Amino acid sequence: LMREHSRKPLARTELKEAVLGKDRTDRGGKIIKAVIAAANEKLRHLCGLELATANSAADAAPDASQAAGPSQAEATQEATQERAVGGGAASKLLLVNVLPRAVAPEPADGRLVFYALVETVLNLLSDHGGRLPESELTETWLPKLGLKEKDTLPGLGTAKVCDLISKRMVTEGFLVKTQGAYAQGPRAVLSRSSEAANTFRGELEG
């Protein structure tokens, strides 16, 4: 819960070390699988949350037509429940809200601005087959949106647009970057609402 508060996925290796220590082995990951399953029971009962494997979610990502809000599609929830228990050692875990009609507080102004930028980037990815080279995003599409790489945005302090995309969005799991190109990350799959995305895009295009 503390790690999710900072929006940083938890590596399974880090969880294993915290639970078992550095020296104890866990062949086949059976112990950690049991730990995650037990944790999910408590999390669902107490918080309406569930651990999901970030890596598997990103690999199985559907078209980026969901929104960067605090809820997620029910179909994606079901598809990721088993992956959280069975993910590989290199995978990372994040918390997703599994309540069907979750109520969330309104984000602060700065986070709303950040979410708007996230949605804009994810819509660009969607329009380009789910993958967009970093150079094309920063050199072609940001200028078309009236943005420069070193611009700052209201409510986000001195953070530059290029850093918000390449660092914060990647760290928080909204994007993954491989071979110089961006694709939607696990949080874009697990923690967003298609209804909010459609509304956001409609307002942009309207």
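1. Some notes on the basis of the values come next. This is a predicted model, in which local features need pLDDT of at least 70 and side-chain atom pairs count only at pLDDT 80 or more, while totals for chains, interfaces and linings use all residues. Residues are numbered from 1 along each chain as its sequence is written, and side-chain values use heavy atoms, with hydrogens and water left out.

2. The protein has 10 helices and six strands, where helices (H or I, at least four residues) and strands (E, at least two) are DSSP runs, numbered from the N terminus. Of the 206 residues, 40% are buried, buried meaning under 20% relative accessible area with a 1.4 Å probe, protein chains only. Among contacts with a separation of 6 or more, 70% come from residues 24 or more positions apart, a contact being heavy atoms within 4.5 Å.

3. Strand 5 pairs with strand 6 (residues 181-184) in the antiparallel sense over four bridges, and V176 stands opposite A183 in strand 6.

4. Helix 6 (residues 109-127) also packs against helix 8 (residues 161-171) at an angle of about 100°, with the axes 11 Å apart, which means that helix 6 is roughly perpendicular to helix 8 (65 to 115 degrees counts as roughly perpendicular). On helix 6 the contact is made by R111, F114, L117, V118 and V121, and on helix 8 by L164, I165, R168 and M169. By class, this contact has seven nonpolar, no polar and two charged residues; Ala, Val, Leu, Ile, Met, Phe, Trp, Tyr, Cys and Pro count as nonpolar, Asp, Glu, Lys and Arg as charged, and the others, Gly among them, as polar.

5. A further partner of helix 6 is helix 10 (residues 194-205), packed at an angle of about 85° with the axes 11 Å apart, so helix 6 is roughly perpendicular to helix 10. The residues in contact are A116, E119, T120, N123 and D127 of helix 6 and A197, F200, R201 and L204 of helix 10, which by class are four nonpolar, two polar and three charged.

6. Another open sheet has three strands in the order 1-3-2, again with antiparallel pairing, and its edge strands are strand 1 (10-11) and strand 2 (49-53). Strand 2 and strand 3 (residues 92-97) pair over five bridges, with L51 opposite L95 and E50 opposite V96. Helix 3 (residues 30-47) lies across strand 2 and strand 3, at about 145° to strand 2.

7. Strand 2 deserves a separate remark, since five of its five residues are buried. In a regular strand the side chains alternate between the two faces of the sheet. Both faces of strand 2 are covered, with L49, L51 and T53 buried on one side and E50 and A52 buried on the other.

Notes: Axes are lines fitted to C-alpha atoms, for helices over the stretch in contact, and angles run from 0 to 180 degrees between N-to-C directions. Angles under 35 degrees count as roughly parallel, over 145 as roughly antiparallel, 65 to 115 as roughly perpendicular and the rest as oblique. Two strands pair if DSSP finds at least two bridges between them. Buried means under 20% relative accessible area, exposed over 50%, partly exposed in between (1.4 Å probe, protein chains only).
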